[in-house]
Amino acid sequence: MKYYFAPLEGVTGYLYRNAYETFFGQIDKYFLPFISPTKNKGFTSRELNDILPEHNEGINAVPQILTNNYEYFIGTVNEIAKFGYDEVNLNLGCPSGTVVAKYKGSGFLSKRKELDEFLEEVFSK
């Protein structure tokens, strides 16, 4: 059996993750709180602190991206790769009303054609 640690916004940042791993461990993957990229935005200080390799030593951390724009997704993946990550997670599960209203997270699932086009672009690149 594998155990995955899902993020809880505002709670499960890198300090919490490291404390949990120190005292309890036994987690196979820690999914990091989502990064929500925009056209002209780099990482926020919270996002950067969550993905810095030195804040995730000894744990299998997987950055999570929340977007419905394939260009933003690919750009963010490329930036994350510079930190040594070889896996990312596309957040298609967030049920928050403000996220769903923008057709991100689980809201993106209601746009099947757009989601198919997004995935085609991502996997072709």
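**Pocket, fold and core of the predicted model**

The residues that line the largest pocket fall into three classes, with seven nonpolar, seven polar and three charged. In this predicted model, the lining comprises 17 residues, and those nearest the centre of the pocket are Leu8, Glu9, Gly10, Pro33 and Phe34. The space within the largest pocket amounts to about 310 Å³, and at least two residues of its lining come from each of helix 2 (45-51) and helix 4 (97-100).

With regard to the overall fold, the protein contains five helices and five strands, which are arranged along the sequence in the pattern β-α-β-α-β-β-α-β-α-α. The C-alpha trace spans about 45 × 30 × 30 Å along its principal axes. The radius of gyration of the protein is 15 Å, which agrees with the value near 14 Å that a compact globule of 125 residues would have. Of the contacts between residues at least 6 apart in sequence, 64% join residues that are at least 24 apart.

Turning to the interior, buried residues account for 35% of the 125 residues in the protein. The largest nonpolar core consists of 18 residues, among which Phe73, Tyr85 and Phe118 touch the most other members. Helix 3 (70-81) and helix 5 (112-124) each contribute at least two residues to this core. When neighbours within four places in sequence are set aside, Phe73 is found in contact with Ile65, Thr67, Val88, Leu90, Phe118 and Val122.

Methods
Residues are numbered from 1 along each chain as its sequence is written. This is a predicted model: local features need pLDDT of at least 70, side-chain atom pairs count only at pLDDT 80 or more; totals for chains, interfaces and linings use all residues. Side-chain values use heavy atoms; hydrogens and water are left out. A nonpolar core is a set of buried Ala, Val, Leu, Ile, Met, Phe, Trp, Tyr and Cys residues joined through side-chain atoms within 4.5 Å. Buried means under 20% relative accessible area, exposed over 50%, partly exposed in between (1.4 Å probe, protein chains only). Helices (H or I, at least four residues) and strands (E, at least two) are DSSP runs, numbered from the N terminus. Contact means heavy atoms within 4.5 Å. On a 1 Å grid over the protein atoms alone, a cavity is a set of points where a 1.4 Å probe fits but cannot get out, and a pocket is an open set with protein on both sides within 12 Å along at least five of seven lines; lining residues have an atom within 4 Å of a point. Grid points are joined across faces, edges and corners, and a volume is the space filled by probe spheres set on the points. Ala, Val, Leu, Ile, Met, Phe, Trp, Tyr, Cys and Pro count as nonpolar, Asp, Glu, Lys and Arg as charged, and the others, Gly among them, as polar. The radius of gyration is taken over C-alpha atoms; the globule rule is 2.2 Å times the number of residues to the power 0.38.
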